[in-house]
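Biologist: Please take a close look at how the parts of this model pack together. I would like the helix contacts, the sheets and the interface in one connected answer.

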2 protein chains.
Amino acid sequence: MNPARPSKEDIIQAHDRIRPFIHRTPVLTCETLDRHLSSHLFFKCENFQKAGAFKYRGATNSVQSLPPEQLKHGVATHSSGNHAQALAKAAGVKGIPAYVVMPSNSSKVKVEAVKNYGAEITFCVPTLQAREDTLKQVIAKTGATEVHPYDRLPTICGQATAAKELMEDIPGLDMIIAPVGGGGLLSGTALSAHYFSPATGVLAAEPAKAADAFESFTRKTFIPSVAPDTIADGLRTSLGNLTFPIILEHVSAIILVGEEEIIAAMRLVWERMKIIIETSSATAVAAVLKNMDMVRNKRVGIIVSGGNVDLDSLPWIIK
Amino acid sequence: MNPARPSKEDIIQAHDRIRPFIHRTPVLTCETLDRHLSSHLFFKCENFQKAGAFKYRGATNSVQSLPPEQLKHGVATHSSGNHAQALAKAAGVKGIPAYVVMPSNSSKVKVEAVKNYGAEITFCVPTLQAREDTLKQVIAKTGATEVHPYDRLPTICGQATAAKELMEDIPGLDMIIAPVGGGGLLSGTALSAHYFSPATGVLAAEPAKAADAFESFTRKTFIPSVAPDTIADGLRTSLGNLTFPIILEHVSAIILVGEEEIIAAMRLVWERMKIIIETSSATAVAAVLKNMDMVRNKRVGIIVSGGNVDLDSLPWIIK
């Protein structure tokens with residue numbers, strides 16, 4: 001594996017490696033939206049993926065590709081979101097320990113999910129510094145391998161397989177739109193399009209209230225995410241050292257969407273398509289809805305990144 | 001067509017007739033539930049059907065099988081629920097008028113949906129008597145053909161095609177469970193199993209708070225639904241003259257479930273399967289969840305009847 005960038009062969013191998021463990025998720029269409037937009041939308045439903053999000057692909061590839069001497073010490077990460085669940089489950093499937101550092105203010109639902117997958121949780125103060133320090137301590141004690149949620153080659157290779165499957169199932173896509181947070185999904189999607197369907201453009205969707213990827217992309221220099229205040233909790237992170245250069249080279253545009261647009265898109269998909277998608281996924285849908293000219297008469301893939309939602313607190317219901 | 005009961009050939013013809021107009025909905029599975037129940041559950045996802053429910057099958061069969069001299073005068077019904085939307089859409093596809101009598105307290109969402117499908121709505125006082133009287137007036141004025149939501153042979157034949165598809169896609173089912181309100185879906189399901197897979201038993205699920213079908217079935221005599229007080233708004237109706245005898249002959253049991261069980265099942269499916277199902281569908285899932293012994297090591301089909309939910313008011317959120 002090239003130290004800085006997965007090759008086509010790396011992604012093919014990752015796909016072969018994880019295929020027995022993941023769902024090949026379905027691709028859905030929606031007549032109503034197609035008619036409304038005069039477009040052909042293809043929704044790659046990673047909300048139906050195991051552990052409820054595309055993250056399971058990267059986590060599984062990371063776990064399944066560890067050498068035996070590292071396997072026995074397990075894997076570790078800090079995460080309050082989908083990556084924690086994905087890594088916990090992937091480790092459970094492999095029968096190795098998973099150590100997850102979670103901020104003390106993580107939602108009960110997420111803590112329970114991670115616990116149920118069999119991971120050992122260490123709580124810490126909810127700051128990035130505390131999370132990183134605590135993770136270091138856990139790793140020093142256990143010898144576990146850190147599996148970063150996005151800035152890691154096996155992670156990127158794993159996430160790349162979602163778009164690979166989409167392009168295999170739906171040939172001739174004009175473009176694919178994926179949400180961008182840390183850039184694991186987006187960089188993987190961009191590489192897959194580059195290798196497997198070069199005529200397919202890759203675009204990203206990002207909340208305007210967490211526009212660090214947009215800023216970094218536009219200024220061609222890394223800008224960290226500072227105090228992102230978006231409902232799309234999966235998209236608050238900064239780009240990584242590995243993901244940013246790939247995105248810079250292979251992504252054609254990053255589209256910003258507002259909070260209300262994200263919520264409206266989420267609700268529209270729930271109502272019309274009868275599937276549960278989370279705010280990160282809705283960000284990609286919102287980018288399509290607000291750019292009708294861009295998608296008119298086009299075949300457009302949308303990566304529905306996940307479906308993990310706190311059903312007790314929906315953004316359109318004021319309690 | 002036998003005046004009292006659809007034949008095997010009737011159902012096959014209905015399926016051929018509606019196939020170009022309906023979705024062949026997918027059959028989903030859920031590892032978590034299968035593991036929990038030591039069972040194999042197959043969810044026939046009519047929540048993904050056009051207009052959001054199985055009702056579109058019966059409505060389409062009714063509209064598409066009308067003779068030309070009746071077609072031009074259109075179709076009419078009274079309904080505040082999924083049948084109204086289904087008939088409005090089916091008529092719109094055929095290019096004929098649809099007249100829908102709706103009680104004045106119908107939810108805005110449903111009124112809008114029926115309007116958007118192009119139907120002409122007549123509002124009336126929210127009593128069964130007023131609905132029937134108003135419908136008679138509308139029919140006298142327009143010459144439209146009444147399409148009953150369940151007690152009509154073409155309707156039953158149309159609803160029967162959901163189970164037919166399920167058994168074609170998943171051979172060797174031990175049983176199929178469907179919710180029961182007026183009995184259109186249930187009688188159709190029972191006939192399809194009888195004709196196409198006689199070894200497959202058919203069971204029904206009904207809210208304990210609207211137990212008229214259970215009472216009728218047990219006492220073998222028609223008991224009307226009086227003041228049903230269940231959250232499963234699609235299951236409040238009484239059985240019909242046509243549906244009841246079929247159910248009596250071909251259904252093996254009716255399982256009652258409580259309101260809390262319906263809500264818990266609905267939430268469980270949203271959370272684990274990431275699909276939106278309505279309370280009627282959840283009633284069937286609840287019947288499975290509370291009867292683990294019955295489904296253990298069995299292949300069980302569940303008719304997910306629909307997915308039309310008011311997202312502003314979810315049963316587990318107290319505003």
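Modeller: What follows goes from a helix pair in each chain to the sheets and then to the interface. The model is predicted.

Start with chain B. Two packed helices are described by the angle between their axes and the distance between the axes. For helix α8 (residues 153-169) of chain B and helix α9 (residues 184-196) of chain B, the axes come within 7 Å and cross at roughly 50°. The crossing of α8(B) and α9(B) is right-handed. Which residues of α8(B) meet α9(B)? They are I156(B), Q159(B), A160(B), A163(B), K164(B) and M167(B). By class, the contact of α8(B) with α9(B) has eight nonpolar, six polar and one charged residues.

Now a helix pair in chain A. Helix α12 (residues 259-273) of chain A and helix α13 (residues 279-289) of chain A have axes that come within 8 Å and cross at roughly 100°. Angles of 65 to 115 degrees count as roughly perpendicular, and α12(A) and α13(A) are therefore roughly perpendicular to each other. From α12(A), the contact uses E261(A), I262(A), A265(A), M266(A), L268(A) and V269(A). From α13(A) come T279(A), A282(A), T283(A), V285(A), A286(A) and L289(A). The class count for α12(A) with α13(A) is nine nonpolar, two polar and one charged residues.

Next, the sheets. In chain A, four strands form an open sheet in the order β5-β4-β3-β6, with parallel pairing. Its edge strands are β5 (120-124) and β6 (145-146) of chain A, and each pairs on one side only. Strand β3 (residues 75-78) of chain A pairs with β6(A) in the parallel sense over two bridges. There, V75(A) stands opposite T145(A) in β6(A).

In chain B, four strands form an open sheet in the order β5-β4-β3-β6, and the pairing is parallel. β5 (120-124) and β6 (145-146) of chain B stand at the edges with a single partner strand each, so one side of each is left without a neighbour in the sheet. Strand β3 (residues 75-78) of chain B and β6(B) pair in the parallel sense over two bridges. The bridge partner of V75(B) in β6(B) is T145(B).

Last, the interface. Chain B gives 24 residues to the contact, and chain A gives 24 residues. Between them, chain B and chain A bury about 2,100 Å², with 57% of it on carbon and sulfur atoms. On chain B, K274(B), L311(B) and I317(B) supply 32% of the area that this chain buries against chain A, more than any other three residues.

Technical notes:
Residues numbered from 1 in each chain as written. Chains lettered and ligands numbered in written order. Predicted model: local features only at pLDDT ≥ 70, side-chain atom pairs only at ≥ 80, totals over all residues. Heavy atoms only, no water. Axes fitted to C-alpha atoms, helices over the stretch in contact; angles between N-to-C directions. Left-handed = near helix turned anticlockwise from the far one by under 90°. Contact = heavy atoms within 4.5 Å. Nonpolar A, V, L, I, M, F, W, Y, C, P; charged D, E, K, R; others polar. Pairing = 2+ DSSP bridges. Buried area = accessible area lost by both parts, 1.4 Å probe. Parallel < 35°, antiparallel > 145°, perpendicular 65-115°, else oblique.
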